[in-house]
Amino acid sequence: MQSFPNVLSMSRRSWLASAAAACGTGLATIGAKRGEIGLGFSLYGMKSLSLAEALRVCAECGYDCVELPVMVDWPADSAKLAADARRQLRGQLADRELRLTALMENLPALGDEARHRQNLERLKLACGVARDLAPPGTGEGGVPLVETVLGGKAGDWDAVKGKLAERLGDWSAVLAEAQVKLAIKAHVGNATQQPQQLIWLLEQVASPWLAAAYDYSHFQLQDLAMTETVQALAPRTIFVHVKDTEHSQGKRGFLLPGEGTIDHGELAKSLGVAGYRGDIVVEVSGQVFSKPGYDPVAAAQKCYRYLATVLDRAGVRPS
């Protein structure tokens, strides 16, 4: 493995230049272009900060990209984010040299018909924000994706899978019209828990606008092997969340990356070998950011220090 400069003692721009010179080849390249692996932070863990302050913190940490929550009552709520605010946010992203890799929504798909119509409207709004925040003149690959879980109760898969496929078929029509992709995440507490269940849904709908979001923490809590889940989902994965779990302590809670037992270096290598070239984005669980004393700035800094070092040692270049 090649040696790298100390990322923690250098500016982001200086480190990127020296890393590019030091590294000839790798499992994946990390940089500013869509389609390459980048290291990002989800603003889901920064609800208490203004959008401008959150972007400043992420840029100063050294992150390549961010995920923007657009759920109801969040700072970038898609129903309230006016055109001027969108233009300002797009400019702030450019000024901070941060890519917007994804928008986070929460679209529980198994509600009644009224909820289904509401979900379709929220999806249309999210797609509109994605297109408005894409850099001017960008092609399809530069438009941020939308990311969501599907809801439902754990253990109810067989009873609800048909309804989920039906609802996703309606969602895919919205996505096709907007030409924005949706990444769906399997969740330990939802009806869609496991890789094969998510794959089944994607095969049933067979839409080029639907894909997978991968988050190993939800699989570790089900005692599923990392390598097997990566191999199963990587061909359909366009987005990756990382965090950690208390699984080794006999608990089902989530932690910041590096506070549990997930080997994120091995995860990055496995994803690279499997051909993944999207982004790796820190998601701070609500179980973490809702605790008294949580500091979003300290969390972002801690996660960057850990992941930059781990990805470096793994031979997968951090950003």
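## A predicted barrel and its cores

The protein chain exposes about 13,300 Å², and carbon and sulfur atoms supply 49% of that area; such areas come from the Shrake-Rupley method with a 1.4 Å probe, with only the protein chains shown counting as cover for residues. What you have here is a predicted model, in which local features need pLDDT of at least 70, side-chain atom pairs count only at pLDDT 80 or more, and totals for chains, interfaces and linings use all residues. Residues are numbered from 1 along each chain as its sequence is written, and side-chain values use heavy atoms, leaving out hydrogens and water.

How far can you trust it? The mean pLDDT (the predictor's confidence in each residue, from 0 to 100) is 88, with 87% of residues at 70 or more. Over residues 1–35, however, the pLDDT is below 50, although this stretch has 67 contacts in the model beyond near neighbours in sequence; contact means heavy atoms within 4.5 Å. Where pLDDT is low, the predicted coordinates should not be read in detail.

Now to the fold. The chain has 11 helices and 10 strands, taken as DSSP runs numbered from the N terminus (helices H or I, at least four residues; strands E, at least two). A closed barrel of 8 strands runs β1-β2-β3-β4-β5-β6-β7-β10 with parallel pairing, where two strands pair if DSSP finds at least two bridges between them. The twist averages 30° from one strand to the next. Strands β2 and β3 pair in the parallel sense over 5 bridges, and Cys-65 stands opposite Arg-99 in β3.

| Helix | Strands | Angle |
|---|---|---|
| α4 (residues 113–133) | β2, β3, β4, β5 | about 175° to β3 |
| α6 (residues 195–205) | β5, β6 | about 165° with β6 |

Of the 319 residues, 54% count as buried, meaning under 20% relative accessible area with a 1.4 Å probe, protein chains only. A nonpolar core is a set of buried Ala, Val, Leu, Ile, Met, Phe, Trp, Tyr and Cys residues joined through side-chain atoms within 4.5 Å. The largest has 87 residues, and Leu-43, Trp-171 and Tyr-214 are among those touching the most other members. Helix α5 (residues 157–178) gives the most to this core, with 9 residues. A second, separate core of 7 residues includes Cys-65 and Phe-239.

Note on methods
Buried means under 20% relative accessible area, exposed over 50%, partly exposed in between (1.4 Å probe, protein chains only). Axes are lines fitted to C-alpha atoms, for helices over the stretch in contact, and angles run from 0 to 180 degrees between N-to-C directions.
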